[in-house]
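This briefing covers the fold content, the surface and a charged side-chain contact of one protein model. The sequence and structure come first.

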Amino acid sequence: MEQPDPLETRRRGVRRVRVVTAWLAGAAVVGTGALVVVVADQHPAAGTSSSTTQAPADEDRSTDPFGGPPSTGLGQAPVGGGSHASSGGS
């Protein structure tokens, strides 16, 4: 009786692993999609656009998105100076 080719056995095994991995990935995608549908059905806010209302900005707080120092509100320079960091060099 002839022994099977070890390389062919390996190729067949690798092919099986790839097929099983593809099936598992597909099942994960389908499961995630089903979960999204269930959550969206249970939570009405999840299916709507984000039209949240924001509280009015406090006059004492800075509106700088980078968290700069708050202004004094009297037309003066911001507290702590108004210089920005530099990378240096000329």
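**Glu8 and its surroundings**

Glu8 has a relative accessible area of 28%, which makes this residue partly exposed. The model is a predicted one. In it, the Glu8 side chain forms a salt bridge with the side chain of Arg11.

Salt bridge
- The N to O distance between the side chains of Glu8 and Arg11 is 3.4 Å.
- This pair counts as a salt bridge because the cut-off is 4 Å between a side-chain nitrogen of Lys or Arg and a carboxyl oxygen of Asp or Glu.
- The structure contains one salt bridge.
- Side chains of opposite charge can pair when their charged atoms come close.
- Arg11 is also partly exposed, at 44% relative accessibility.

Secondary structure
- The protein has one helix and zero strands.
- Helix 1 spans residues 6–42 and holds both Glu8 and Arg11.
- Within helix 1, Glu8 and Arg11 are three residues apart, or about one turn of the helix.

Surface and burial
- The protein has 90 residues, and 1% of them count as buried.
- Its accessible surface is about 8600 Å².
- Carbon and sulfur atoms account for 60% of that accessible surface.

Technical notes. Residues are numbered from 1 along each chain as its sequence is written. This is a predicted model: local features need pLDDT of at least 70, side-chain atom pairs count only at pLDDT 80 or more; totals for chains, interfaces and linings use all residues. Side-chain values use heavy atoms; hydrogens and water are left out. Helices (H or I, at least four residues) and strands (E, at least two) are DSSP runs, numbered from the N terminus. Buried means under 20% relative accessible area, exposed over 50%, partly exposed in between (1.4 Å probe, protein chains only). Accessible areas come from the Shrake-Rupley method with a 1.4 Å probe; for residues, only the protein chains shown count as cover.
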